[in-house]
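Here is a friendly walk through some local packing in one protein chain. Have a look at the model first, and then we can go through a few spots together.

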Amino acid sequence: MINNSENKMDCLPKDCIVLFAKQAGLTSFSSLYTIKHALKTKKVGHTGTLDSFAEGLLVVCCGALTRLAGKITEFDKTYQAVIQFGAETDTLEYTGSLVRTAPLPTRESVERAIDHFTGEIMQVPPAFSAIHVDGKRASDVARSGAAVSIPARKVTVYSSKILDVKYADDNSHALDSALVEFSVSKGTYIRSLARDIGNFASSAAHLTGLFRTKVGDFKVNEAAGFELLEPFTIERVKKNVAKYVALKNSTDTDFKSVKNEAFLHGEVIKKSLPMTRSLAKQCGFSVLNLNCGKENWFFNGGKLSSSLFDVSPFSLKTEFAAVFTSHNTFAGLLQKNESGYFSYSFVCH
């Protein structure tokens, strides 16, 4: 007699990439649990978390593809952010404690500030961040009440664009908040950008909403659960803040609960992406195909040579090359060294 539940387990994708639309109010870890539970696996690796208050695209690697997580972490990212002016918090977002207030800026001063912080800049990361200082997480040190000193580092803001604004009710020239789109390099903190833009505009600022829309060529509208996200607007973000404040001292956990868990499980399974040649190219990798009879040599870590592949790996321009067998199975990843030659990054057994 056939056990249908076992058959369903066998059909679950094991080695795949999951594009997941995280909901605001949840931790990235909670979202990983949803994926683990849906795919019945413990082996998952995220490629850059989102703060609890933030929402949008998480790119999650599962099974053997967890080895790709470090590569995808390096990708550029695009965000939409709602910046609230007139106040700064210790966490640089709305769940933190107020540390400073200042007059509201004009739109012109905010536009100048955004232009100033576009391009290659030096940025000081938030004290409440996962960066390690003297062997300790900066956020842990900050929560203990101790001062945190994080050196500025070079990041790139490729483009910035104001999408919408809200003026203060009592002054049509005073900007209450702005919805801004940022395209940035790895390691750029949008919370720090909000802080610096507020300061440069002779005001203060913090984030009330953050929405990651792209990681490399991966887009949030392709992600499992995207349909559950409400439109990202200043008005909707303000409602989220009001809801958080109302529930902050309440036992109601609605704000932090996963919505439509069963639907999400089905979405994760349906939209899981096994490593294919097209996905490899989307990850920015070149593609190499093993010649017939060369699979065992490759899987056993034999010396690399042009005779193994359909084209010479040494002629490729990218840093990484994804290798596939003649049966369309992902075999592993090669990485170009400083001398311009490819070597094994990892092999899938």
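Is F314 buried, partly exposed or exposed? F314 is partly exposed, at a relative accessible area of 33%; buried means under 20% relative accessible area, exposed over 50%, and partly exposed in between, with a 1.4 Å probe and protein chains only.

A word on the ground rules. This is a predicted model, in which local features need pLDDT of at least 70, side-chain atom pairs count only at pLDDT 80 or more, and totals for chains, interfaces and linings use all residues. Residues are numbered from 1 along each chain as its sequence is written, and side-chain values use heavy atoms, with hydrogens and water left out.

**Aromatic pairs**

The structure holds 11 aromatic pairs. Rings of Phe, Tyr and Trp (its six-membered ring) pair if their centres lie within 6.5 Å; planes under 30 degrees apart count as stacked, over 60 as edge-to-face and the rest as tilted. Two of these pairs are set out here.

| Pair | Centre to centre | Angle between planes | Class |
|---|---|---|---|
| F298 and F309 | 6.4 Å | 80° | edge-to-face |
| F314 and Y341 | 5.6 Å | 70° | edge-to-face |

F298 belongs to helix α10 (residues 295-299), while F309 sits in the loop between α10 and β15 (320-324), so their pair ties together parts that are 11 residues apart in sequence. Helices (H or I, at least four residues) and strands (E, at least two) are DSSP runs, numbered from the N terminus. Both F298 and F309 are buried. For the other pair, F314 is in the loop between α10 and β15 and Y341 in the loop between β16 (330-336) and β17 (342-347), so parts 27 residues apart in sequence are tied together. There is also one aromatic cluster formed by F298, F299, F309 and Y344.

**Two crossing helices**

What angle do the axes of α2 and α8 make? The axes of helix α2 (residues 28-39) and helix α8 (residues 261-271) cross at roughly 70° and come within 9 Å. Axes here are lines fitted to C-alpha atoms, for helices over the stretch in contact, and angles run from 0 to 180 degrees between N-to-C directions. The two helices, α2 and α8, are therefore roughly perpendicular to each other (65 to 115 degrees). The crossing of α2 and α8 is right-handed, meaning that the near helix is turned clockwise from the far one by less than a right angle. On the α2 side the contact is made by T34, I35, H37, A38 and L39, and on the α8 side by E261, L264, H265, V268 and I269. Contact means heavy atoms within 4.5 Å.

P126 is found in the loop between β7 (119-123) and β8 (132-133), and P126 is buried at a relative accessible area of 1%. Not counting residues up to four places away in sequence, P126 touches L92, I150, Y189, R191 and S192. From P126 to L92 the C-alpha to C-alpha distance is 7.2 Å, although they are 34 residues apart in sequence.

D164 lies in strand β10 (residues 153-168) and counts as partly exposed at 32% relative accessibility. Leaving out residues up to four places away in sequence, D164 touches A178, L179 and I234.

T78 lies in strand β4 (residues 77-85). T78 is buried, with a relative accessible area of 13%. Beyond its neighbours within four places in sequence, T78 is in contact with E181, F182, S183, F211, R212, T213 and K214.

Technical notes:
Angles under 35 degrees count as roughly parallel, over 145 as roughly antiparallel, 65 to 115 as roughly perpendicular and the rest as oblique.
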